[in-house]
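Subject: Handover of a structure and notes on its features

Dear colleague,

Please find below the structure that I am passing on to you.

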Amino acid sequence: MTKIGIFPGSFDPFTKGHENIVERFLPLFDQIIIGVGGNTSKSYYYKPESRIKHIESIFENEPKISVEQYQGLTVSFCKEKKAQYLLRGLRTTTDFNYEKSIALMNKELEGVETLFLMTDEGLSHISSTIIREVAKNNGDISPFVTKPNELIIQ
Ligand code: ADP
C-alpha cells in the first residue's frame, strides 16, 4: 500500500517551521500532499495561487511532495486522496489543546489518524501570524520564509 500523508494548513505564508515538519515526515511516507486550505470563514493575506506556487518552488526537487488546494473538510480531502494520515506540527501547549480536539474529531469522522512532530529547536517562535505582521510593516521576512519573493499579497 502506498503510504500517503496530508499536511494541511492555511500556510499564509508557508514558513521554515512548516518546511522543517515536512522534511522530517518525508522518510516515513511514499507521498506527502501539502493541502492548502481555503477555509471560507477566514480571509488570507497572500493570494491562494501564490501560496501554492511558493510551496511548490520550495520543494521543486522533491518528487514525493505535491501541493494542492482544497475546500471543505480535511478528512474528506484525505478520503479523496486515499491518504491514511494527517500530519501536523506542535509548538506549544496551546497548539496541543487545539490539535487534540481536531485529531479526535477527524478520527471519529473518517478513521483518519493524525501524526504529530514537535517543532525543532530554534523554530518554535516562527508563526505565520507574526510573519504577516512583519510583512505588513515592510519588515524582512527572509529569516523565517524560504523564497519569500514567490509570495504575492492579495
Ligand atoms: P492552520 O491554519 O491549520 O493552523 P497553519 O498554516 O497555521 O495552519 O499551520 C499548519 C501546521 O503547522 C499546524 O499543525 C501548526 O501547528 C504547524 N506549525 C506552524 N508553525 C510551526 C512551527 N514553527 N514549527 C512546527 N510546526 C508548526
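This is a predicted model: local features need pLDDT of at least 70, side-chain atom pairs count only at pLDDT 80 or more; totals for chains, interfaces and linings use all residues.

The largest pocket has a volume of about 1,200 Å³. Its lining comprises 47 residues, and those closest to the centre are Gly 9, Ser 10, Lys 42, Arg 88 and Tyr 98. By kind, the lining divides into 20 nonpolar, 20 polar and seven charged residues. Several elements each supply at least two lining residues, including strand 1 (4-9), helix 1 (16-25), helix 3 (74-81) and strand 4 (85-90). Helix 4 (93-110), strand 5 (113-118) and helix 5 (128-136) also belong to that group. Helix 4 gives the most to the lining, with eight residues.

Helix 2 (residues 48-58) is mostly covered, as eight of its eleven residues are buried. The buried residues are Pro 48, Ser 50, Arg 51, Ile 52, His 54, Ile 55, Ser 57 and Ile 58. Their cover includes helix 1, strand 2 (31-37) and strand 3 (65-70).

The largest nonpolar core has 18 residues, and Phe 14, Ile 34, Ile 55 and Phe 59 have the most contacts inside it. At least two residues of this core come from each of helix 1, strand 2, helix 2 and strand 3. Another core, of ten residues, lies apart from it; Tyr 70, Cys 78, Leu 86 and Val 112 are among its members.

Beyond residues up to four places away in sequence, Ile 131 touches Pro 13, Thr 15, Ile 126, Ile 141, Phe 144 and Val 145. Between Ile 131 and Phe 14 there are 9.8 Å from C-alpha to C-alpha, although they are 117 residues apart in sequence.

The side chain of Arg 132 reaches the backbone oxygen of Asp 12 at 2.8 Å. Setting aside neighbours within four places in sequence, Arg 132 is in contact with Asp 12, Pro 13 and Tyr 45.

Glu 19, in helix 1, is buried because its relative accessible area is 12%, which is under 20%. Not counting residues up to four places away in sequence, Glu 19 touches Phe 14, Ile 58, Phe 59 and Thr 146. Glu 19 and Val 145 are 126 residues apart in sequence and 8.9 Å apart in space, C-alpha to C-alpha.

The backbone

The loop between strand 1 and helix 1 holds Phe 11 and Pro 13. A cis peptide bond joins Asp 12 and Pro 13, with omega at about 5°. Phe 11 has a positive phi of about 50° although it is not a glycine, and Phe 11 counts as buried at 4% relative accessibility.

Lys 82 likewise has a positive phi, near 55°, in a residue other than glycine. This residue lies in the loop between helix 3 and strand 4. Is Lys 82 buried or exposed? With a relative accessible area of 65%, Lys 82 is exposed.

Notes. Residues are numbered from 1 along each chain as its sequence is written. Side-chain values use heavy atoms; hydrogens and water are left out. On a 1 Å grid over the protein atoms alone, a cavity is a set of points where a 1.4 Å probe fits but cannot get out, and a pocket is an open set with protein on both sides within 12 Å along at least five of seven lines; lining residues have an atom within 4 Å of a point. Grid points are joined across faces, edges and corners, and a volume is the space filled by probe spheres set on the points. Helices (H or I, at least four residues) and strands (E, at least two) are DSSP runs, numbered from the N terminus. Ala, Val, Leu, Ile, Met, Phe, Trp, Tyr, Cys and Pro count as nonpolar, Asp, Glu, Lys and Arg as charged, and the others, Gly among them, as polar. Buried means under 20% relative accessible area, exposed over 50%, partly exposed in between (1.4 Å probe, protein chains only). Contact means heavy atoms within 4.5 Å. A nonpolar core is a set of buried Ala, Val, Leu, Ile, Met, Phe, Trp, Tyr and Cys residues joined through side-chain atoms within 4.5 Å. A polar contact is a pair of N or O atoms within 3.5 Å; within protein, one must be able to donate a hydrogen and the other to accept it, and residues adjacent in sequence count only if both atoms are side-chain atoms.
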